[in-house]
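Subject: Structure for your review

Dear colleague,

I am passing on the structure that we spoke about, together with some notes on what was found in it. Please look through the model first and then read on.

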Amino acid sequence: MFVGGSACTSAGLSEPDIDCQRGYYCEYGVDTATPQLGSGNKGSGDICPAGSYCPRGSSSPTPAPPGTYTDTTGM
């Protein structure tokens with residue numbers, strides 16, 4: 001069973017074995033804790049976009065609160 005915010009790093013696992021790393025988000029089916037679009041990783045996830053932050057175990061980016069915007073990816 002897949003849990004958003006986590007990844008299965010080996011084939012055949014019955015559940016994820018690692019949380020998505022800080023600065024990244026893991027929506028579903030990812031095979032690494034640091035997914036990036038276009039890198040050949042499986043599933044859906046990516047580096048956290050500018051204007052958002054992604055704590056460890058994020059299933060989607062969280063918009064930065066007012067007054068804390070950053071134009072850097074991977075926060």
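Ser59 sits in the loop that runs between strand E5 (52-53) and strand E6 (62-63), where helices (H or I, at least four residues) and strands (E, at least two) are DSSP runs, numbered from the N terminus. Please keep in mind that this is a predicted model, in which local features need pLDDT of at least 70 and side-chain atom pairs count only at pLDDT 80 or more, while totals for chains, interfaces and linings use all residues. Residues are numbered from 1 along each chain as its sequence is written, and side-chain values use heavy atoms, with hydrogens and water left out.

With a relative accessible area of 36%, Ser59 is partly exposed; here buried means under 20% relative accessible area, exposed means over 50%, and partly exposed lies in between (1.4 Å probe, protein chains only). Not counting residues up to four places away in sequence, Ser59 touches Gly4, Gly5, Tyr25, Cys26 and Glu27, a contact being heavy atoms within 4.5 Å. Ser59 and Tyr28 are 31 residues apart in sequence, and their C-alpha atoms are 7.9 Å apart in space.

**The chain as a whole**

The protein chain has zero helices and six strands, so that from the N terminus on its elements run β-β-β-β-β-β. Its radius of gyration is 12 Å, close to the 11 Å that the globule rule gives for 75 residues, so the chain is as compact as a globular protein of that length. That radius is taken over C-alpha atoms, and the globule rule is 2.2 Å times the number of residues to the power 0.38. Along its principal axes, the C-alpha trace spans about 45 × 20 × 15 Å.

Of the 75 residues in the protein chain, 28% are buried. The protein chain exposes about 4,500 Å², of which carbon and sulfur atoms supply 51%; accessible areas come from the Shrake-Rupley method with a 1.4 Å probe, and for residues only the protein chains shown count as cover. Among contacts between residues at least 6 apart in sequence, 32% join residues at least 24 apart.

**The cysteines**

A disulfide is a covalent bond between the sulfur atoms of two cysteines, and in this model it is taken as a pair of cysteine sulfur atoms within 2.5 Å. By this rule the count comes to two disulfides, and when the bonded cysteines are numbered in sequence order, the pairing is 1-2, 3-4.

Cys20 and Cys26 form a disulfide with their sulfur atoms 2.3 Å apart, and the torsion about their S-S bond is about 80°, so this disulfide is right-handed. Cys20 counts as buried at 0% relative accessibility, and Cys26 counts as buried at 0% as well.

Cys48 and Cys54 form a disulfide too, with their sulfur atoms 2.1 Å apart, and with 80° about the S-S bond their link is right-handed. Cys48 is buried at 0% relative accessibility, and Cys54 is buried at 2%.

What of Cys8, and how far is its sulfur from the closest cysteine sulfur? The distance is 10 Å, to the sulfur of Cys26, which is too far for a bond. Cys8 lies in the loop between strand E1 (6-7) and E2 and counts as partly exposed at 22% relative accessibility. Leaving aside neighbours within four places in sequence, Cys8 is in contact with Leu13, Glu15, Pro16, Asp17, Val30 and Asp31. Of these, Val30 is 22 residues from Cys8 in sequence and 6.6 Å away in space, C-alpha to C-alpha.

Side chains of opposite charge can pair when their charged atoms come close. The structure holds one salt bridge, defined as a side-chain nitrogen of Lys or Arg within 4 Å of a carboxyl oxygen of Asp or Glu. Arg56 forms this salt bridge with Asp19, the closest N and O atoms being 3.9 Å apart. Arg56 lies in the loop between E5 and E6 and Asp19 in strand E2 (residues 18-19), so the pair ties together parts that are 37 residues apart in sequence. Asp19 is partly exposed, with a relative accessible area of 38%.

Finally, Ser52 lies in strand E5 and is buried, with a relative accessible area of 12%. Beyond neighbours within four places in sequence, Ser52 is in contact with Pro61, Thr62, Pro63, Ala64 and Met75.
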